[in-house]
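Q: Please take a close look at the salt bridges of this model and at their setting. How many salt bridges does the structure hold, and where do their partners lie?

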Amino acid sequence: MTEEEVADLLDHSSILCIKHYFRYTREMWELLENATANRTEQQHFTAAWNREDDLSGNIYGKEIIELHAFTAIGKCQKEAACYLEPAVACYNCDKFCPNKETNSHKNALTSLKDRKEVVASKSTDSLSKHLDEAIAGCEAAIAYSEGVEVVNIYQGGRDE
């Protein structure tokens, strides 16, 4: 279909107001995709976004971002993709290395405590326990980022 035919079908007096319908055609999107698909950055980003299994050497696959304010909380040393949720699972994982950005960890702690309030009334003890462990790990990361020596995550006499 031509621009004139579309203008006539839509009852427009000229083709100037329908040109945007022809700007991004399927062929144009394919051309743009083919032009960028071979770039290393694009391949790494796509793999990280899709959480594909092979992220070794991926420039985007190592940094861990918390989901409250989208700040980096540390790096992951896993050699494979992790499908667990950042900040909930990371603070309990031995492959996680927290950074020294106190505000990032405080953002994650805010998110974890908000979840804990929601979960407390609606879910099982198992999920609540996982969130307690993540909160304790996050608090340990905050202490670590503030220069406090962290040996044990839990303070006091816990049975766990």
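A: Of the chain's 160 residues, 26% count as buried, where buried means under 20% relative accessible area, exposed over 50% and partly exposed in between, with a 1.4 Å probe and protein chains only. The model is predicted: local features need pLDDT of at least 70, side-chain atom pairs count only at pLDDT 80 or more, and totals for chains, interfaces and linings use all residues. Residues are numbered from 1 along each chain as its sequence is written, and side-chain values use heavy atoms, with hydrogens and water left out.

The secondary structure consists of six helices and three strands, taken as DSSP runs (H or I of at least four residues for helices, E of at least two for strands) and numbered from the N terminus. Read from the N terminus, the order of elements is α-α-α-α-β-β-β-α-α.

The number of salt bridges is three, a salt bridge being a side-chain nitrogen of Lys or Arg within 4 Å of a carboxyl oxygen of Asp or Glu. Side chains of opposite charge can pair when their charged atoms come close.

One of the salt bridges joins lysine 106 to glutamate 146, with 4.0 Å between the closest N and O atoms. Lysine 106 belongs to helix 5 (residues 102-122), whereas glutamate 146 sits in the segment after helix 6 (125-145), so this pair ties together parts that are 40 residues apart in sequence. Lysine 106 is partly exposed because its relative accessibility is 40%. Glutamate 146 is also partly exposed, at 48%.

Lysine 116 and aspartate 132 form another of the salt bridges, with an N to O distance of 3.0 Å. Here lysine 116 is in helix 5 and aspartate 132 in helix 6, and the pair links distant parts of the chain, 16 residues apart. With a relative accessible area of 29%, aspartate 132 counts as partly exposed.

Between glutamate 133 and lysine 129 there is a salt bridge of 2.8 Å, N to O. Both of these residues belong to helix 6 and stand four residues apart, about one turn of the helix. Lysine 129 is partly exposed because its relative accessibility is 41%.

In sequence, tyrosine 144 and proline 98 are 46 residues apart, while their C-alpha atoms are 8.5 Å apart in space. Just after helix 6, glycine 147 adopts a positive phi of about 90 degrees.

Aspartate 11 lies in the loop between helix 1 and helix 2 (20-23). Although aspartate 11 is not a glycine, its phi is positive, at about 60 degrees. Aspartate 11 is exposed because its relative accessible area is 70%. The loop between helix 1 and helix 2 also holds lysine 19, which is partly exposed at 37% relative accessible area. Lysine 19 and alanine 7 are twelve residues apart along the chain, and 9.2 Å separates their C-alpha atoms.

Leucine 9 belongs to helix 1 (residues 3-9) and counts as exposed because its relative accessibility is 61%. Aspartate 8 lies in helix 1 as well, and its relative accessible area of 61% makes it exposed.

Finally, helix 3 (residues 26-37) has twelve residues that should span 16 Å at 1.5 Å a residue, and its end C-alpha atoms are 16 Å apart, which agrees. Of the twelve residues of helix 3, the number buried is zero, so this helix lies largely in the open.

Notes
The expected span of a helix is 1.5 Å times one less than its number of residues.
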